[in-house]
Amino acid sequence: MRLKQVPPPGPHLPRGRSKSLCSTRAPRPPSRPAGGEFLLRYARVAPPAKKCAFVLTRDGRPVKVQRTIFSECFYTMAMNELWRVTGDAQYQSEAVEMMDQIVHWVREDPSGLGRPQLPGAPAAESMAVPMMLLSLVEQLGEADDELAGSYAELGDWCARRILRHVQRGGQAVLENVSEDGEGLSGCLGRHQNPGEDTRPTLPEPSPGHALEAGWFLLRHAVRRGDPKLRAHVIDKFLLLPFRSGWDPDHGGLFYFQDADGLCPTQLEWAMKLWWPHSEAMIAFLMGYSESGDSALLNIFYQVAEYTFRQRYLQSHPRQDSPLKQGTRSSKGITCYKVTWQFRDPEYGEWFGYLNREGKIALTIKGGPFKGCFHVPRCLAMCEEMLSDLLSRLAPASAPAPALSARSPPADPARRGAE
């Protein structure tokens, strides 16, 4: 695709377009950021070939390459965001060139990914591929009308491919379907062992994955001005996965489920992970913002309450531990350590992995699959949507009055009519 020289967007975009999180929040640096230079120099394993490394050493030597499109997708996101922040056209050129390569792999010839087609493996399509492409279409097109027009057909194609994963009479969102868009028999159609994605290949249904695809589709429906698609997405990709995926005993979203109600084979199926809850908050707040359905706002509150829940864990006192002293008992002083569901109150960031009961299972905050992505995206997008909702409480021509607990929310559905 021929790249048009377009200036990076300013802080205000037309209504209905999501803003670049970086371009609206950070001052423009005087020179190329070190991270951008590192990516340009080392991300691609064997330039001029486009394949990107999944893991690099500190000095840029490749350690691992995945045979999927996802490292390249995140590289494209990074290049586009760097262009928005710095105004350096090379970053946008890299983003568009890599996007063209990803589309070629997906729609024309996947052989460059290095994944052989094994004779015993059934031909299947994962929802992760079209949903990631749709996300890139929305991001690259939101600040460039020419690119938006060029990618319009691709966006519609991605949306149709994702919608094919609504199966079993509309009662399940399956991660894997046949190349013809039909349900698959056996374990591939119900659940599957982890694969090579940046997250494991997901079974049916992974509530978090369906919800993430849901807000991608919702944004697409709003951009296309399609209220029928918007309603369908809310019903099938937001409400349906939440109802089946919410743990009724301990709260939180299960990581994996089986379409037939059987025990999933993934050992971590009942764990509560950071990213499904991040994507759920985005999805339900966006759904409420665009539809005005208060049920979606209530679910947003429910997920947020679980995600940010404060816990007091009884612990044995130590002189060097920051414990909250409680009541004295016959055995001495009972102390409690204050913690939150995911967030670390002492050192910041989120723990990524909780057990079914909501207790921290792994104390690592980063690793091969948890990076600095879902949490800041969730917090920034939710802050922007909440600010927009609050701004609708008062007439645009008058200063916003102090809000009271009884102030009724404005009808967000009017946004679509403006």
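Predicted model: local features only at pLDDT ≥ 70, side-chain atom pairs only at ≥ 80, totals over all residues.
Me: Are α8 and α10 roughly parallel or roughly antiparallel to each other?

Reply: The angle at which α8 and α10 pack is about 30°. Angles under 35 degrees count as roughly parallel. The two helices, α8 and α10, are therefore roughly parallel.

Me: How many salt bridges does the structure hold?

Reply: A salt bridge requires a side-chain nitrogen of Lys or Arg within 4 Å of a carboxyl oxygen of Asp or Glu. The number of salt bridges in the structure is 21.

Me: Lys 51 and Glu 72 meet through their side chains in a salt bridge. How many residues apart are Lys 51 and Glu 72?

Reply: Lys 51 belongs to the loop between α1 (34-42) and β1 (55-56), whereas Glu 72 belongs to helix α2 (residues 70-86). Both Lys 51 and Glu 72 are buried. The pair links distant parts of the chain, with a separation of 21 residues.

Me: The side chains of Arg 377 and Glu 212 also meet in a salt bridge, at 2.9 Å from N to O. Which helix holds Glu 212?

Reply: This pair links distant parts of the chain, 165 residues apart. Arg 377 is located in helix α12 (residues 374-391). Arg 377 and Glu 212 are both buried. The helix that holds Glu 212 is α8.

Me: Lys 370 forms a salt bridge with Glu 349. Where is Glu 349 located?

Reply: The closest N and O atoms of Lys 370 and Glu 349 are 3.1 Å apart. The pair joins distant parts of the chain, for Lys 370 lies in the loop between β12 (360-362) and α12. Glu 349, 21 residues away, lies in the loop between β10 (332-340) and β11 (353-354).

Me: Is Lys 370 buried or exposed?

Reply: A residue is buried when its relative accessible area is under 20%. Lys 370 has a relative accessibility of 4%, so the residue counts as buried.

Me: Over the ring of which residue does the charged end of Lys 370 sit?

Reply: The charged end of Lys 370 is placed 5.7 Å from the centre of a ring. That ring belongs to Trp 274.

Me: How far from the ring centre of Trp 157 is the charged end of Arg 107?

Reply: The charged end of Arg 107 sits over the ring of Trp 157. Its distance from the ring centre is 4.5 Å.

Me: The structure holds 15 aromatic pairs. Is the aromatic pair of Phe 242 and Phe 284 edge-to-face or stacked?

Reply: The centres of the rings of Phe 242 and Phe 284 are 5.5 Å apart, and the angle between the planes is 75°. Planes over 60 degrees apart count as edge-to-face. The pair is therefore, by the cut-off of 60 degrees, edge-to-face.

Me: Are Phe 242 and Phe 284 buried or exposed?

Reply: Phe 242 and Phe 284 form one aromatic cluster with Trp 246, Tyr 306, Phe 308, Phe 342 and Trp 350. Both Phe 242 and Phe 284 are buried.

Me: What is the phi of Arg 168, a residue that is not a glycine?

Reply: Most residues other than glycine have a negative phi. Arg 168 lies in the loop between β4 (166-167) and β5 (172-173), and is partly exposed, with a relative accessible area of 39%. The phi of Arg 168 is positive, at about 55°.

Me: What is the phi of Glu 349?

Reply: Glu 349 counts as partly exposed, at 34% relative accessibility. Although Glu 349 is a residue other than glycine, its phi is positive, near 65°.

Note on methods:
Residues numbered from 1 in each chain as written. Heavy atoms only, no water. Helix = DSSP H or I, 4+ residues; strand = E, 2+ residues; numbered from the N terminus. Buried < 20%, exposed > 50% of the residue type's maximum accessible area, 1.4 Å probe, protein only. Phe/Tyr/Trp six-rings, centres within 6.5 Å; stacked < 30°, edge-to-face > 60°. Lys NZ or Arg CZ within 6 Å of the ring centre and 35° of its normal. Axes fitted to C-alpha atoms, helices over the stretch in contact; angles between N-to-C directions. Parallel < 35°, antiparallel > 145°, perpendicular 65-115°, else oblique.
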